[in-house]
Amino acid sequence: MREAHPLERQVGIDYYVSDGPGVGGRLRDTPADFRVREIEAVTPEPLDADPGAYPHLLLRATLTDWDTNDFAGALSNALGASRERVSWAGTKDKRAVTTQLFSVRDVTAADLPDLSGAEIEPLGRVGRNLEFGDLAGNAFEVRISDPERPETVDDITDALTDFGGGRVAVPNLFGHQRFGSRRPVTHAVGLHVVREEWREAVLTYVGNPAETEPERTQRARETVESVAASADPDWQAALDAVPGHLGYERSMLHELVENGGETPADFRAALETVPWNLQRLFVNAAQSYAFNRMLSERLRRGLPFDRPVAGDVVAFADADAPEGLAVPDTDRRQRVSEDRVDVVTRHCERGRAFVTAPLVGTETELGEGEPGDIERDVLADLDLAPADFDLPGNFESTGTRRAVLVETALEIARDPLTLSFSLPRGSYATALLREYLKVDPRDL
């Protein structure tokens, strides 16, 4: 197997499925080169529905070069509302044109502001705020700039079709952006959180300079580390050194200034100054890193992804998924015994079942046989156990299971080289695109 890029190996991605060279090139020379549209799974009431029964306004926003969190903040500021009143179904990358759903509590369509780079369309009212996963999937249209070897696209497609058992498919990896595209540390913060190493978690996020960052940012993080290493840390000096654009880092340091920054509880409070979804992302990234490690080891051992082996846990298909989009229902699971492998294989071939691996949490039941050995070995290497995820507040996670394979109906246009495809919710476009480009993940 072809080894992954060194930066991908930092986040648990060790191999490519396709052995040959990639097409090369770059993504996102302009935001319009990367378009993503949510496949919606929410049906609102009319705009004139009773706001007492349906207090949340549902809107569709088409955003150009907007980070989802930043847009939510700008929208709440323009409305004069708390940011906690704005929710969304899926986080999207900044340098793109994205069409996605948001909900805002206790506002009307007439209240919606004009924001640069945003087209906002009110759709109706709903009885609760949107939550992560309130979408069926995402449709992508991705243009590749300056491909060096466009002729390799067919060989890559053939390799991915073989891997998927007759359908274009890739390991359902968490993309590099899950961990921080420029400085992949989110999972490292999360691993400290799960071990309740609150001080280490804060310093991993606020300190810990990376060569890929601007020099000023590196110097600021070095100052934080120097302050933290002293016998009597001067957190105000650390705060003064951190530039304004590092807003989350500053909020953590400000909390340390206010509470003294001495006890584990002080550092936990500092972590809790960031938005609730980022708090959850720390732990989710730790789970994602372990998941990527499990898939890499499955690849290394040559176990199939499109069909089970004895000991695997499969999830059955979601009967309510939109037509043409295969989505597992992870609440409907079955461990595969030796005498059921052939039967479950046929279900997988027909798109009725999916092999899974765990996103570990308090309710996780691990597999058996060789798949279970992989899961336990990875967790042991990371010094993790399901019970470790019994944590306070937004850091707690019961866990779930996730399909190890994601397939798609891929369309390829040649001039310019453009890939169009749809993926179920929670799957990353970069899991597919990395196979085609085989470049530094920052170019994805």
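Student: What makes two strands a pair?

Tutor: Two strands pair if DSSP finds at least two bridges between them. Strands here are DSSP runs of E, at least two residues long, and helices are runs of H or I, at least four residues long, both numbered from the N terminus.

Student: Which kind of model is this, and how are residues numbered?

Tutor: This is a predicted model, where local features need pLDDT of at least 70, side-chain atom pairs count only at pLDDT 80 or more, and totals for chains, interfaces and linings use all residues. Residues are numbered from 1 along each chain as its sequence is written, and side-chain values use heavy atoms, with hydrogens and water left out.

Student: How do you know that β10 and β11 pair?

Tutor: Five bridges join β10 to strand β11 (residues 328–335), and the two run antiparallel. The definition asks for at least two bridges, so they pair. In this pairing, Ala315 has Arg333 of β11 as its bridge partner.

Student: How many bridges link β10 with β12?

Tutor: Four, again in the antiparallel sense, with β12 spanning residues 353–359. Here the bridge partner of Ala315 is Phe354.

Student: Why is β10 called largely enclosed?

Tutor: Because four of the five residues of β10 (residues 313–317) are buried. Buried means under 20% relative accessible area, exposed over 50%, and partly exposed in between, with a 1.4 Å probe and protein chains only.

Student: Why is Thr204 called buried?

Tutor: Its relative accessibility is 13%. The cut-off is under 20%, so Thr204 counts as buried. Thr204 is found in helix α5.

Student: What does Thr204 touch?

Tutor: Contact means heavy atoms within 4.5 Å. Leaving aside neighbours within four places in sequence, Thr204 is in contact with Arg183, Val185, Ala188, Val189 and His192.

Student: What makes α5 mostly covered?

Tutor: Seven of the nine residues of α5 (residues 198–206) are buried. Among them are Trp198, Ala201 and Tyr205. The cover includes α4 (186–194), α6 (215–229) and α10. Just after α5, Asn208 takes a positive phi of about 60°.

Student: What makes a set of residues a nonpolar core?

Tutor: The members are buried Ala, Val, Leu, Ile, Met, Phe, Trp, Tyr and Cys residues, joined through side-chain atoms within 4.5 Å. The largest such core has 99 residues, and Leu271 and Phe421 touch the most other members. Helix α10 (residues 276–301) gives the most to this core, with 11 residues. A second, separate core has 19 residues, including Leu63 and Val104.

Student: Which residues does Leu271 touch?

Tutor: Not counting residues up to four places away in sequence, they include Trp198, Ala201, Phe282 and Phe395.
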